[in-house]
Amino acid sequence: MCGIVGYTGAHEASPILLAGLRRLEYRGYDSSGIATISDSQMIVRKKSGRVRVLEEALVVEPAPGSCGISHTRWATHGPATDRNAHPHVGHGGTVAVVHNGVIENHSSLRKELEARGIVFKSQTDTEVIAHLIAVELGDGDDLLAAVEAILPRLEGTYGLAVVSPRCPGQVIGARLGSPLVLGLGEGEHLIASDPVAILPHTSRVAFLQDGEVVRVTPHDFEIRHRERGSITPRIDRIDWKPDAGELSGYDHYMQKEIHEQPDTVRDACRGRLRKAEGTAYFGGLNMSPRQLRGIRRVVFAACGTSWHAALVGEYLIERLARLPVEVEYASEFRYRNAPLDSRTLVFVLSQSGETADTLGALREATRQGHPTLAICNTVGSTIAREADGGIYLHAGHEVGVASTKAFSAQVAVLTMLALELGRLRHLSFPDGVAVVEALESVPDLIAEVLKTEPIIARAAEKLTHAQSALYLGRDIHFPVALEGALKLKEISYLHAEGYPTAEMKHGPIALIDKQTPCVFVAPKGSLHAKTLSNVEEVRARLGPIISVGTEGDESLMSLSDSFLPIPDVPEIIQPLLAVIPLQLLAYHVARLRGCDIDKPRNLAKSVTVE
Ligand code: M6R
C-alpha cells in the first residue's frame, strides 16, 4: 500500500528518497513521486508506474536539494495517473504533501475550497490537505503551525509528510491511523511509513503515535501531541539483517520466503517449548496460568492469510484444549457488536501489525473493555503496541505480497498456544510431550518437502491453462485449502475457491469438468477414507486431480494426476507441511503464466485502509 519517505540532512535527498521508495516497492503501489526543496524552490516530479519510471524521469529532469519527501501511491481516489500521483501541491505552490490513508470528508472540503476559487488538479482526497495547509500558511513561514491548525478538519486516517520552500530544511510529519516512524541519524533525519525504508541509514527510530506531529531538521526534531503538547518519544533500536532485503540467489522474494520456512518455524518455537513439562510458554501474554485457565472462549480476528492461520488455530485449540473458538473477519468484527463476555480471550493476528481492519477490531475489543492480545510479526507495529500483550512471530521481514512464511509462523505459534491452553486443562503430560516433539521435528520435515519442488513445478503445468480450480480439504486441512486457493488467486490471477471437501457435493461439483482441476489436501488421517470417496467423485466427472498426500499413499496416488507428497506425521502438524506444496504450486503457476510474482496487480503488502 502507499509508502512515505522524507529526508533532511547534508546529502542530496533524491537518491536517498528513491532508495527508500525502492525498499517500499514490496508493499504494492501504482505510481510514485518526489518533491525536494532547493534554493527556496520546490521541485516536484511524479509518474504513474514503477519507481524506475520516476528514476528515469529524474535523470532527464533532476530534483536537487538536501530536503524532500517522496511517495508510492496505491490508488484509492482516482486512477493511477501522473496527476493523481503524490506529492500534491497546495494553492500558490507553497507546500507539497504526501499522504497515506483516506480522508473521508474530502468531498465537502473540496467543495469549500473550490468555492474559494481554488482549482484542483487531481481526483485524489489528498489534494484537499495540500490546499488547506497552503491556505493556512498564507504568507507565513510556520509550516508546523499550519499543519497542526488544519489537522482537526480532516476526518479519516493519515500519515503525512509535508515540505515548503518557505521552510527549507524542514519536513513535517503527522500521524492518525496510518503509521509513521522517525529515523534519527547523524546530522540527518528521516521519516517513513515503514522502518524498512530508512534502516540502511539508521537503526534508531521513534514510532509516532496517533495525534502526534513532528518537525524534523538536519540536527533537531520536535514532536507534539494535539492534546498533550510536547512529547519526548521512546527511541527504539531495530535489528536489521543486512541481507534480509536481498534475494540471496532466489528469483523472487516469495520463493526465498517459502524456502526460509524451516528457519521460520524454528525461530517461532525458539525458547517457547518446555519439553520437561510437555507444554509451551509465551512470556509476552502477560497472563498468569490461573488467568489462562479461567478462559472459557477464544475469539480470533484477522484478515486474509492471517485469518486462515486463525482457522487452523480454531481446530488446534478445540482439539487440544477443548475450548470453543470463533474466527472473525476483522473487517466484520469491528462493526458487528459481537457479544463478548469477560471470560473471552480476544486475539488479533497480523503479519504487518498495520492492517486497518485488524487494528479496528483490536480497538473495538479494547473499547469494550476486553484485554486484547496480538499475534504479530512486525516489532513496534501499531497492533503490537496497542495490544495488552501478545506473541511475536520472529519470522523476519516478509517482503512477498503473498504471505507465506508468516502463515507458517502463525500456525506454529497457534499450535504452541493450543498446547499451552490444553496443558492447563485436560491434556496429559505424554500427549503434551508428543506435541512438543512433533513441533521440534517440523523444520527438518519442511526442508524435506521443499526438496520436492521439481515435482510441484511439473504439477503446476496442469493448472496453468485452467480457468478455475477448486481447493478441497477436510477438518484441519480446510483452512490450508483456503490458503492454497488464496495464494493461487493472488499471484497467478487464476480463479480458485477453497471448500471443505465434503461440501463440494452441495454445489461446487457443478463446476467440475476436464478443464477444472481439483487440488485435494488429503494427508492420511482419521477421515482419509471419506476423502478418497470424494476424490473418486471428482474423477468420475473427469476433473483433473492434484493431491497433497502422505508419501507412499498408493490409494490417493492412483487417483491423482499429480501427487505431491509430504512425510507421514501426526495430524496436528500436517498443516505446517501441507501448505508448502500449495505455496510452491501457486508460485510455479504464476511463474509459468509470466506474472509479476512479487508485485501482483492491485495488491498491497499491508492494507492500511478500510
Ligand atoms: O499483515 P496482515 O497479516 O494483517 O495482512 C492480512 C492480509 O491483508 C494478508 O494476509 C493478505 O491476505 C496477503 N496478501 C495474503 O497473501
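This is a predicted model: local features need pLDDT of at least 70, side-chain atom pairs count only at pLDDT 80 or more; totals for chains, interfaces and linings use all residues.
**Entry 1: Asn-286, continued**

I looked up the backbone next. Phi of Asn-286 is near 55°, a positive value in a residue that is not glycine. Most residues other than glycine have a negative phi, so I made a note of this one. As for its place, I found Asn-286 in the loop that runs between strand S17 (279-280) and helix H8 (289-293).

**Entry 2: Leu-542**

Leu-542 also went on my list, with a phi near 70°, again positive and again in a residue other than glycine. Is Leu-542 buried or exposed? I find it exposed, since its relative accessible area is 53% and the class starts over 50%. Leu-542 is in the loop between helix H17 (528-540) and strand S26 (545-550).

**Entry 3: a cis peptide bond**

I then checked omega. The peptide bond from His-86 to Pro-87 is cis, with omega near 5°. Pro-87 belongs to the loop between strand S4 (67-73) and strand S5 (88-89).

**Entry 4: who surrounds the ligand**

On to the ligand. I get 13 residues around it, and those that come nearest are Ser-306, Ser-350, Ser-352, Thr-355 and Glu-490. Sorted by class, the shell holds eight polar, three nonpolar and two charged residues.

**Entry 5: polar atoms facing the ligand**

For Thr-355, a polar side-chain atom lies 2.4 Å from an oxygen atom of the ligand. Val-401 takes part through its backbone: an N or O atom there is 3.1 Å from a nitrogen atom of the ligand. I also looked at cover: on its own the ligand has 410 Å² of accessible area, and the protein covers 92% of that.

**Entry 6: the pocket and its elements**

Where does the ligand sit? The space it takes is the second largest pocket. The elements giving two or more residues to the shell are helix H9 (304-321) and helix H16 (478-492). H9 gives the most, with three residues.

Methods
Residues are numbered from 1 along each chain as its sequence is written. Side-chain values use heavy atoms; hydrogens and water are left out. A residue is near a molecule or strand if one of its heavy atoms lies within 4 Å of it. A polar contact is a pair of N or O atoms within 3.5 Å; within protein, one must be able to donate a hydrogen and the other to accept it, and residues adjacent in sequence count only if both atoms are side-chain atoms. Accessible areas come from the Shrake-Rupley method with a 1.4 Å probe; for residues, only the protein chains shown count as cover. On a 1 Å grid over the protein atoms alone, a cavity is a set of points where a 1.4 Å probe fits but cannot get out, and a pocket is an open set with protein on both sides within 12 Å along at least five of seven lines; lining residues have an atom within 4 Å of a point. A molecule sits in a cavity or pocket if more than half of its atoms lie within 2 Å of its grid points. Helices (H or I, at least four residues) and strands (E, at least two) are DSSP runs, numbered from the N terminus. Ala, Val, Leu, Ile, Met, Phe, Trp, Tyr, Cys and Pro count as nonpolar, Asp, Glu, Lys and Arg as charged, and the others, Gly among them, as polar. Buried means under 20% relative accessible area, exposed over 50%, partly exposed in between (1.4 Å probe, protein chains only).
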